[in-house]
Amino acid sequence: MNLSLAYPLPEVVDQSRRKRWLIEQSGNVTPRAELSHGVLIVPLDGSDQSRFMRDHELAHVHWSPKRPDQQALRNKISPDVLAAVEDMRMNTKLEAAGVDTSVGGWSKPVCQAVAKDVVRRKEARLLVLMAVAATGSGFMEEVFNDVLHDDPIGKSALEIARMAKNVMWNNPVPKFRDTIRVSKWLQALLDTGMAPPPKFPGMSGSGDAGAGLASALKIAREQGITKRATRRIPWGKLTLDHPPRNQRVAGYLGKRKRSTDEGDIPRQLHRLLIDGKIFRHTRRGRGGSVLIDGSGSMQLSDADIQKILNAAPGCVVAVYSGNTHDGVLRVLAQDGRQVDKQYIGTPAGGANVVDGPALQWLSKQAKPRIWVSDGQVTGVCDRMSAINTLECAGITRRYQIMREKDMNTAVKLLARMGRPRS
Amino acid sequence: MSKKTNSAVTCWDVVSAVLSSTNRALLHGPPGTGKTHAACRLGLTGDQQKVFSLTLTEETPAAELRGHYILKDGKYVWHDGPAVAAWRCGGRLVVNEIQRGGPDVHSLLLNITDDLEIAEMDLPSGEKVKPAKGFMCVATMNGDPKELLDPALLDRFPVSIHIDKVHPAAIEQLPNDVQHAAKKTALIEEEDRRISVRAWYAFARLREKLMKSLTEDEAVDYAARAVFNSRASDALDALKIAKSEAG
């Protein structure tokens, strides 16, 4: 039996004109292919796991571009997301090419230990990326499935990994551009799921990363995993419209409390030894901001918009809608003044198109922020996509924006929050 | 012959073109690329030109190249070695692994590869021989001649061609599915990583024979294990990956 080292053959699979490949034994270094330098760092022993790793790196030589990091940068994708999705593409393509991937790259105890450690640490993002990267790695995938299945976040991670695989294999021969497409979808999902949970005054937050991931997964499920649904649609160009605000509005929304060391009735005696600010003054709130989705699907009449305006005195109130490639956001009320009746209504066509930029605008306004929308968002040409929907959900989560699905619930929320006085 | 651009001209085009027009040529490069085959077959001046071939080792005596006495019918008679035989008939002398010859072979080679006008040799039989018209010497070797050959001997081979590609005819003999792999792996510089065309040919032939009695998968697996040993699975996996569409 020949016990010499098992060298891989990158020369056979390399499509470039490179003449020379340098093979190095990985040892303690993570196996990898330095495609731009023609270096392959892999284990060279005869074990089945090492063979899987060599095949995986050979797959990168054959199917991956030379500088995936540059592609990640160009497409604004996090490198770890791109790496996980590309690993999944390699594994599943190896399977499709008839290469035996059943043993995976790690032994069972190592797989179990790694998976259990990540589950214990509740690192949702890492769990998802690990589940995605392990897809198609045979035995390794099975062990991950067993461990992750018993954990709620792990379960979501597994479902996301399954969906990612299906999204990838929408194309019968997935190319690197499919890696980019799936990475964008996965990144949107993770960004939404990992955003800090919103903290609204008087309302309980929507939980930890697991809850965030579950809500992002729900959106992804609703939007579907077709090629069309998982391709990001660019947002339309948003124009801000500031018509004259001639009408003065009395009242304000909300109130703020401030601790002080002067006053009549000490209400916070527990602060005596902390900072001495045992009195509490209640002051007028600075209002908040309300953004109204004026697209056709909302079916809002001018009277409905007026009702929201009435319920939000002192707030910044704006309404937006779009045409096919652009949209207008009209500020209806600000600084205690609002526009004349003729401006109250939909500012552009009946499409959405500019939900993303409009929410970005809202994220810069005063808290509390309310978005009156049915959650149906579209990009240019009024096209829907899971990525766009997840992007909007991510903004609402990150900037603590409350979404109310129609006029009635929005008015009720405003009434509860502000107790407006006239 | 249609004109090729500089980048399209291969070492084999050069060998084919110049081998018949020079009387001393050195072909060097990695093993298993078809150097010996080319030295024996390409550029012969007519069907009648004889080819005398010899592979040198450190132990090869000069007498094997020049000739020696043999006992025949109770008498000692002179027997020409390949070098003298090629000189006499104006044939082609092919010296493989020229870098391996010992000192006595080395000095004899200097004599044999001297300029045709001045070359001559006194045989132990007392006979004086000169190269006949048409004599040529083609030497082959692995590795870099500047490092491995004596400068005086290297100077005898003004035509020195580096063979950096496998001979197309050798590749064409292989089945389609291993041609690309053979072309690429035969030229790997590191010896322990290189897989020669001969090995791929042996694999393909064995596979074909085994397929008569075994299933295709078994035949492929057994043939690969027999030829590539511990690298069998890596070779087969590389073939499978290379077969699928890139990108």
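Mentor: Domain bounds come from an automatic or database domain assignment. For chain B this assignment gives domain 1 (6-162) and domain 2 (168-243), and the C-alpha centres of these two domains of chain B lie 33 Å apart. This is a predicted model, in which local features need pLDDT of at least 70 and side-chain atom pairs count only at pLDDT 80 or more, whereas totals for chains, interfaces and linings use all residues. Residues are numbered from 1 along each chain as its sequence is written, while chains are lettered from A and ligands numbered from 1 in the order in which they are written.

Trainee: How many residues does each domain of chain B bring to the contact?

Mentor: Two residues are in contact if their C-beta atoms, placed from the backbone, lie within 7 Å. The contact takes seven residues from domain 1 of chain B and eight residues from domain 2 of chain B. The side of domain 1 of chain B that touches domain 2 of chain B has three nonpolar, four polar and no charged residues; Ala, Val, Leu, Ile, Met, Phe, Trp, Tyr, Cys and Pro count as nonpolar, Asp, Glu, Lys and Arg as charged, and the others, Gly among them, as polar.

Trainee: Which helices of chain A each supply at least two residues of the side of domain 1 that touches domain 2?

Mentor: The assignment for chain A gives domain 1 (102-223), domain 2 (237-253 + 288-418) and domain 3 (257-285). In chain A, 17 residues of domain 1 are in contact with twelve residues of domain 2. Helix 9 (176-194) and helix 10 (209-223) of chain A each supply at least two residues of that side of domain 1, and helix 9 of chain A gives the largest share, six residues. By class, this side of domain 1 of chain A has eleven nonpolar, three polar and three charged residues. Helices (H or I, at least four residues) and strands (E, at least two) are DSSP runs, numbered from the N terminus.

Trainee: Why is A:Gln49 called partly exposed?

Mentor: A residue is buried if 20 or more other C-beta atoms, placed from the backbone, lie within 10 Å of its own, exposed if 12 or fewer, and partly exposed in between. A:Gln49 has 17 other C-beta atoms within 10 Å, so it is partly exposed. A:Gln49 lies in helix 2 (residues 48-63) of chain A. Leaving aside its neighbours within four places in sequence, A:Gln49 is in contact with A:Val103, A:Gly104, A:Gly105, A:Trp106 and A:Ser107.

Trainee: Why do A:Gln299 and B:Asp73 count as exposed?

Mentor: A:Gln299 has 11 C-beta neighbours inside 10 Å and therefore counts as exposed. B:Asp73 has 5 other C-beta atoms within 10 Å, so it is exposed.

Trainee: Which residues does a cis peptide bond join?

Mentor: A:Lys367 and A:Pro368 are joined by a cis peptide bond, with omega about -5°. A:Pro368 is in the loop between helix 12 (355-363) and strand 12 (369-372) of chain A.
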